[in-house]
Amino acid sequence: MSKIVRDDGFHADDFTGAPVVLPSDTDPAQLAALTQGAELVICDFPSFADGRGFTLGRRLRDLGFAGRLRARGHVIADQYAMARRSGFDEVEISDELATRQPQDQWVFRADWQEHSYRRRLMG
């Protein structure tokens, strides 16, 4: 099982369609073709040290993808703000990780807009 993390905490997966799943080594030049018409795109994170998923998420948003975007796998609570700033709507984590990093650790980082370096530069 897994948990879906959003700004307000943990949730069960409520998506019932067929998502498009992108491995971390997806060629960014293929993103538009691979995700055309998708309601949910899931970017896999095979390791918390592998940041390619952040690049894929940001690139999808820059290409105009307006659907639901989910980071899945080895994303830790400390990376939640980065995921949100990269364009992800939510993060999917294992129940094991949710036990090690409970909901309060994720919600603590849900103020990702308030503490953005860009906001400080522009404000």
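1. Helices, in this note, are DSSP runs of H or I with at least four residues, and strands are DSSP runs of E with at least two, numbered from the N terminus. On that basis the protein contains 6 helices and 6 strands. The model under review is a predicted one. Along the sequence, the elements follow the pattern β-β-β-α-β-α-β-α-β-α-α-α.

2. Overall dimensions come next. Taken along the principal axes, the C-alpha atoms occupy a box of roughly 40 × 35 × 25 Å. Buried residues account for 41% of the 123 residues. Of the contacts between residues at least 6 apart in sequence, 65% join residues at least 24 apart.

3. The 6 strands form an open sheet with mixed pairing, in the order β2-β1-β6-β5-β4-β3. Its edge strands are β2 (9-11) and β3, each of which pairs on one side only. From one strand to the next, the twist averages 30 degrees. Helix α2 packs on this sheet and touches β3, β4 and β5, and the direction of α2 makes about 155 degrees with that of β4.

4. Because 4 of its 5 residues are buried, β6 is largely enclosed by the rest of the structure.

5. Which residues of helix α2 (residues 52-62) are buried? They are Gly53, Phe54, Leu56, Gly57, Leu60 and Arg61. Viewed down the axis of α2, these buried residues fall within an arc of 160 degrees and therefore line one face of the helix. Just after α2, Gly64 adopts a positive phi of about 100 degrees.

6. Ser24 is located in the loop between β3 and α1. Is this residue buried or exposed? The cut-off for buried is under 20% relative accessible area; Ser24, at 10% relative accessibility, therefore counts as buried. Leaving aside residues up to four places away in sequence, Ser24 touches Asp44, Pro46, Asp50, Arg52 and Leu56. Ser24 and Pro46 are 22 residues apart in sequence, while their C-alpha atoms are 7.3 Å apart in space.

7. The side chains of Ser24, Asp50 and Arg52 are linked by polar contacts. Between Ser24 and Arg52 the side-chain contact is 2.9 Å, and between Ser24 and Asp50 it is 3.5 Å. Asp50 and Arg52 also make a side-chain polar contact with each other, at 2.7 Å. Asp50 belongs to the loop between β4 and α2. Because its relative accessible area is 14%, Asp50 is classed as buried. Apart from residues up to four places away in sequence, Asp50 touches Ser24 and Phe45.

8. Gln79 is a further buried loop residue, with a relative accessible area of 14%, and its loop is the one between β5 and α3. What does the side chain of Gln79 reach at 2.7 Å? It reaches the backbone oxygen of Phe48. Not counting residues up to four places away in sequence, Gln79 touches Phe48, Phe54 and His74. Of these, Phe54 is one of the buried residues of α2.

Terms used:
Residues numbered from 1 in each chain as written. Predicted model: local features only at pLDDT ≥ 70, side-chain atom pairs only at ≥ 80, totals over all residues. Heavy atoms only, no water. Buried < 20%, exposed > 50% of the residue type's maximum accessible area, 1.4 Å probe, protein only. Arc of directions from axis to C-beta. Pairing = 2+ DSSP bridges. Axes fitted to C-alpha atoms, helices over the stretch in contact; angles between N-to-C directions. Contact = heavy atoms within 4.5 Å. Polar contact = N/O pair within 3.5 Å; in protein donor to acceptor, adjacent residues only side chain to side chain.
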